[in-house]
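Colleague: Could you walk me through how the labels in this model come about? I'd like to see each value set beside its cut-off.

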Amino acid sequence: MSDGGHLLEVEDLHVSFDTDDGVVKAVDGVSFTVEPGRTLGIVGESGSGKSVANMTILGLTRADDANVSGRILFEGNDLAALDDEGLQGTRGNEIAMIFQDPLTSLHPFYKVGAQMTEAIQAHGDASDDEARERSIELLKLVGIPDAERRFGEYPHEFSGGMRQRVMIAMALTNDPKLLIADEPTTALDVTIQAQILRLIERLQAELGMAVIMITHDLGVIAEVADDVLVMYGGRVVEQGTRDEIFYDPQHPYTWGLLGSLTRTDRPRRSGRLAQIAGQPPSLIAPPDGCHFRPRCPHEFDKCPQVPGLEARSGTRDHLDRCWLTADQKRTLRVVDDGEIGLEEPAA
Amino acid sequence: MLRYIIRRVLWGVALLVIVSAVVFVLFYVIPTADPAKLRAGRTANPQLVEQIRQQLHLDDPIYVQFANYMEGVFLHGDFGESYVSQADVKDTIFERLPATALLVVGSVVLWLLIALPVGIISAVRRRSLMDRTTMVTSLAFISAPVFWLGLVALYLFADDVGLIQIFPGQGAYLTAETFPAKCWAMVLPWVVLAAATAAIYARYLRSSMIDTMAEDYIRTARAKGLPEQKVVMKHALRSAITPIVTLLGLDIGLLLAGNAILTESVFNIPGIGFLIVRSIDRSDLPMIQGVVLFGAFFIVICNLIVDILYAYLDPRVRYQ
């Protein structure tokens with residue numbers, strides 16, 4: 001990808017935490033870019049480092065025991081070099097974030113309206129009335145009926161989906177250029193999930209902001225993402241456009257993710273849900289070389305060396321971390337039912 | 001809300017009746033000295049003792065005595081007279097109450113002034129030198145018995161026997177005439193009574209704050225771009241302080257009920273705690289009853305206030 005013009009450019013980000021059991025390398029050299037107005041989907045299982053990497057963008061991982069290195073360039077400014085005070089102008093203003101659990105993410109003791117006006121008044125000098133008006137306008141924008149009354153209610157008086165709408169409205173208060181959505185639909189009912197995703201897409205189109213959508217659900221990626229990062233064990237293992245990831249996946253972990261998707265249009269022949277055997281790697285003592293090696297049925301003698309994130313498929317911006325050749329991958333990723341998947345180890 | 005309060009008040013009254021019954025039964029079940037004999041003096045003849053017994057209605061069956069007492073208390077506000085001094089129980093308690101109230105109020109203010117900042121700062125600057133120092137110190141204060149702490153305070157600072165003679169010592173309250181003089185006499189008792197409680201509250205608030213700071217909504221507050229000071233003092237403290245309020249209500253009730261007895265004894269303060277110990281010594285049932293009932297009353301009232309306050313602090317709590 002060319003230099004310049006990126007809204008956000010994360011370069012070689014490392015985040016580790018000192019714990020009693022050892023150093024947890026949560027994010028191990030992650031780089032990516034976000035372009036204005038586009039949606040980057042980041043997919044990976046729990047512990048893949050996707051949330052930590054994104055919270056670090058806003059400096060929300062700055063506990064005493066956290067070590068951060070690398071560069072986080074937002075419109076050219078290195079956010080990683082700023083302290084908490086320096087970041088305040090960016091947080092909730094140019095970059096906003098919404099989280100997984102909308103109930104615990106709103107303060108239970110303050111009215112929804114108060115929490116929103118607070119976000120507005122933290123940036124700029126809006127009067128109470130202006131802030132109130134703006135909040136109600138945003139509550140309407142995210143589709144909350146009877147917004148004037150809801151403005152004066154507490155979070156516990158809202159349903160899960162409505163709470164997430166409140167979170168989104170609160171994130172939009174200062175017209176952010178980038179919205180980081182950290183599993184925004186995971187805690188919601190399936191029917192509500194689609195509503196929230198469509199809401200985020202609509203708002204993105206209306207307001208022209210970029211979105212980072214963090215999820216463990218490839219279904220969400222398929223719906224909203226333009227570009228995709230697949231993360232595993234603190235590293236990016238594959239990166240490309242949505243179509244590249246879905247139709248020409250290069251990394252065995254991506255195959256496993258795709259193979260474990262439940263598809264109602266084409267049920268699996270075996271009638272069983274596919275899974276990736278084994279456990280996610282320990283982030284304290286990860287395996288040498290490729291982190292996916294212990295779970296990969298295609299492991300061979302090159303795998304104990306770390307594969308670089310390189311274009312191996314022949315497409316310039318489609319990168320992966322797997323030593324297999326493009327031809328090998330094309331053969332190996334097709335499992336017995338003709339679909340893409342990860343071969344299950346012989347029982 | 002009003003219905004809730006009325007129900008709670010009725011329960012409180014029932015509780016007071018039960019408490020009185022328990023004290024009555026305890027007094028008769030556990031053998032103590034015969035109040036009539038005590039009253040009659042060392043060389044009294046049996047007739048005099050019998051006469052006093054009749055006078056005090058001690059010859060009535062226990063349930064009749066109890067019924068009479070309850071009638072006096074709830075219908076006439078009459079708590080009876082001391083077996084020993086014949087002084088009116090209610091008057092005596094009201095005479096003693098100001099000393100205890102002054103002691104309690106002063107030390108509550110003091111311990112909150114100490115505990116709140118210490119608890120907040122040690123939670124925010126966790127594992128700092130300041131945190132470790134205050135937490136070790138607080139452990140020392142929690143472990144030190146109040147009477148020992150009181151004696152040490154007198155030994156160090158009392159203006160008669162102390163090494164550094166700054167503050168009024170033992171018995172100063174008895175001779176103090178004006179309100180400022182009384183407060184001045186209370187300085188050491190306040191500090192002694194507040195020390196252990198401030199330590200407990202500071203530790204409690206610290207752990208409550210640490211839990212709260214890990215909440216998702218604190219992350220949201222930071223992600224909104226709020227200054228850290230606002231995150232801590234508004235978002236975190238508001239949640240962390242709620243359990244402290246419960247604790248505070250209970251502690252104030254207990255102390256007013258006579259739990260400041262150790263401090264009162266060390267400093268010779270004529271308060272409620274002092275009164276009840278002397279009454280027990282003398283088998284003075286009406287006085288014991290009176291003090292216990294007043295104590296129970298304070299505890300019931302403080303609890304009620306806490307519960308009502310809770311509904312205002314936590315909007316999720318709404319009483320039916």
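Modeller: Gladly; let's begin with A:E75, which lies in the loop between β4 (66-74) and β5 (77-78) of chain A. Strands here are DSSP runs of E with at least two residues, helices are runs of H or I with at least four, and both are numbered from the N terminus. The model is predicted, so local features need pLDDT of at least 70 and side-chain atom pairs count only at pLDDT 80 or more, while totals for chains, interfaces and linings use all residues. Residues are numbered from 1 along each chain as its sequence is written, and chains are lettered from A and ligands numbered from 1 in the order in which they are written.

Colleague: Why is A:E75 called partly exposed?

Modeller: A:E75 has 14 other C-beta atoms within 10 Å. A residue is buried if 20 or more other C-beta atoms lie within 10 Å of its own, exposed if 12 or fewer, and partly exposed in between, with C-beta atoms placed from the backbone. A:E75 is therefore partly exposed. Its phi is near 50°, a positive value in a residue other than glycine.

Colleague: And what makes B:Q86 count as exposed?

Modeller: B:Q86 has 9 C-beta neighbours inside 10 Å, so it counts as exposed. B:Q86 lies in the loop between α4 (62-76) and α5 of chain B, and its phi is near 65°, again positive in a residue other than glycine.

Colleague: How do you know that α3(A) and α4(A) are roughly perpendicular?

Modeller: Helix α3 (residues 112-121) and helix α4 (residues 128-141) of chain A pack at about 115°, with their axes 9 Å apart. Axes are lines fitted to C-alpha atoms, for helices over the stretch in contact, and angles run from 0 to 180 degrees between N-to-C directions. Angles under 35 degrees count as roughly parallel, over 145 as roughly antiparallel, 65 to 115 as roughly perpendicular and the rest as oblique. The pair is therefore roughly perpendicular.

Colleague: Which residues of α3(A) and α4(A) meet?

Modeller: A:G113, A:M116, A:T117, A:I120 and A:Q121 in α3(A) meet A:D128, A:A131, A:R132, A:R134 and A:S135 in α4(A). Contact needs C-beta atoms, placed from the backbone, within 7 Å.

Colleague: How many residues of chain B are in contact with chain A?

Modeller: 19 residues of chain B touch 24 residues of chain A. On the chain B side, α10(B) gives the most, with 6 residues.

How values were computed
Contact = placed C-beta atoms within 7 Å.
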